[in-house]
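Hi everyone, thanks for coming.

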Amino acid sequence: MMPLDSPISSRRLPEEVPKRIAILGANGRLGKALLARFRNEHTVIPLGRETVDLAHPASIAPNLEALDFDLLILSAALTAVDHCETFEDEAYAVNAEGPREVARICAKKGAKVVYISTDFVFDGAKPDAYTEEDPVHPISVYAASKRKGEDYVMEASEENLVVRLSWLFGPGKPAFPEWIIAKACREAALTLPAEKIGCPSYAPDIAMWLDALIFGTGSVDASGVFHLCNSDPCTWQEWGQYCIDVARACGHPVRVDQIGASTMDSIETFAAKRPVNSAMSTGKFQRLTGITPRPWKEALREHLEGNPK
Ligand SMILES: NC(=O)c1ccc[n+]([C@@H]2O[C@H](COP(=O)([O-])OP(=O)(O)OC[C@H]3O[C@@H](n4cnc5c(N)ncnc54)[C@H](OP(=O)(O)O)[C@@H]3O)[C@@H](O)[C@H]2O)c1
């Protein structure tokens, strides 16, 4: 684990004033991509739970008030969806109450907060991609706690940003692709839900688009809610299939040829409900920045072929 808390020196770009960016959740999958993205052009202050523990409010104010920063990206969360279903108090503490305290302190400092949220705030009943204008309807404790966190952060300052992500993968920490490839090398037959639809999202791409959203070309200073993900929604079965196809082409000893279709109901270990469809539209982001997210398959190939951006 990288040492946290000490500011990483930045390289000052000509005609650009570097910002001081605190990243809470710096050891997570997205947190590592954010560090890699911002550390060259800004002064980055990586924060882990040993310094700011969202579950323990007493650790928040003294540590954040002592720091000097312009922007805080709140990527930390209790992300284990089924664990949250059983440990509701912990989920609300980490995903909602802690972020409320963080946002309150940042508002006093005049620092913007970017709260990273989730596609799970939707119930999945919509037949096509969710926009930022669609009503939310969380169907799990994790989703409800994240939704509460969104509200708290936006209540603290209307300058703040809520950015909803989905199905994250990337070089910082193993995710679904690593899990399904390992399973396909061990087992001779596999199934995955064929009805569940979403947008796989590559953490370095998300970090790049967040950079554009936050800093833009000098004129963009976004606030409010945005959806960010790679393009081309797919089913879970299709995602798994493409992962093993690329892995095989890369030389992994994959034993499974075709992943069979199952349903979410058949997964007995799921304590929490998941939205059947959580595909998100990035139209709002595209209109503001002029950037079109690339397809997830391209990003996945880059990731698995060991050529991360
Ligand atoms: N992963 C996905 O597919 C997905 C999808 C949609 C949205 N999101 C959202 O995207 C964000 C980043 O996800 P991720 O995949 O990078 O998550 P992750 O890898 O699980 O990282 C979460 C980070 O939060 C930290 N954390 C957990 N409890 C904490 C606490 N009490 N106090 C302080 N820090 C704490 C963890 O610290 P340790 O390293 O010490 O455990 C970890 O570094 C989250 O807000 C999540 O809700 C993720």
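**A walk from loop to sheet to helix**

Let's start with D232, which is found in the loop between β10 and β11 (234-235). Before I go on, please keep in mind that this is a predicted model. The phi of D232 is near 75°, a positive value in a residue other than glycine. Most residues other than glycine have a negative phi. Is D232 buried or partly exposed? D232 is partly exposed, because 15 other C-beta atoms lie within 10 Å, and a residue needs 20 or more to be buried.

W167, though, is buried, because it has 22 other C-beta atoms within 10 Å.

Now to the sheet. In what order do the strands of the open sheet come? There are six of them, and the order is β2-β1-β3-β4-β5-β10, with parallel pairing. At the edges stand β2 (43-47) and β10 (224-227); each has a single partner strand, so one side of each is left without a neighbour in the sheet. From one strand to the next, the twist averages 20°.

Let's stay with β2 for a moment. Strand β1 (residues 20-24) runs parallel to β2, and five bridges join the two. One of the pairings to find on the screen is A22, whose bridge partner in β2 is I45. How many of the five residues of β2 are buried? The count is five of five. Both faces are covered, with T43, I45 and L47 on one side and V44 and P46 on the other.

Helix α5 is mostly covered, with 12 of its 16 residues buried; among them are V141, Y142, K146, R147 and Y152. What do the buried residues of α5 pack against? Their partners are α3 (81-86), α4 (88-109), β4 (112-118) and β5 (161-165).

Our other helix is α10, residues 296-304, where the buried residues are W296, A299, L300, H303 and L304. These cover an arc of only 125° around the axis, which puts them on the same side of α10. The buried residues of α10 pack against β6 (168-169), α6 (176-186), β9 (201-202), α7 (203-215) and α8 (236-249). After α10 comes G306, with a positive phi near 70°.

Last stop, the ligand. Which residues come nearest to it? Of the 27 residues around the ligand, those are G28, R29, R49, A76 and A77. Two elements give two or more residues to this shell, α1 (29-38) and β4. The largest share, three residues, comes from α1.

That's the tour, and I'm happy to go back to any stop.

Conventions: Residues numbered from 1 in each chain as written. Predicted model: local features only at pLDDT ≥ 70, side-chain atom pairs only at ≥ 80, totals over all residues. Helix = DSSP H or I, 4+ residues; strand = E, 2+ residues; numbered from the N terminus. Contact = placed C-beta atoms within 7 Å. Arc of directions from axis to C-beta. Pairing = 2+ DSSP bridges. Axes fitted to C-alpha atoms, helices over the stretch in contact; angles between N-to-C directions. Near = placed C-beta within 6 Å.
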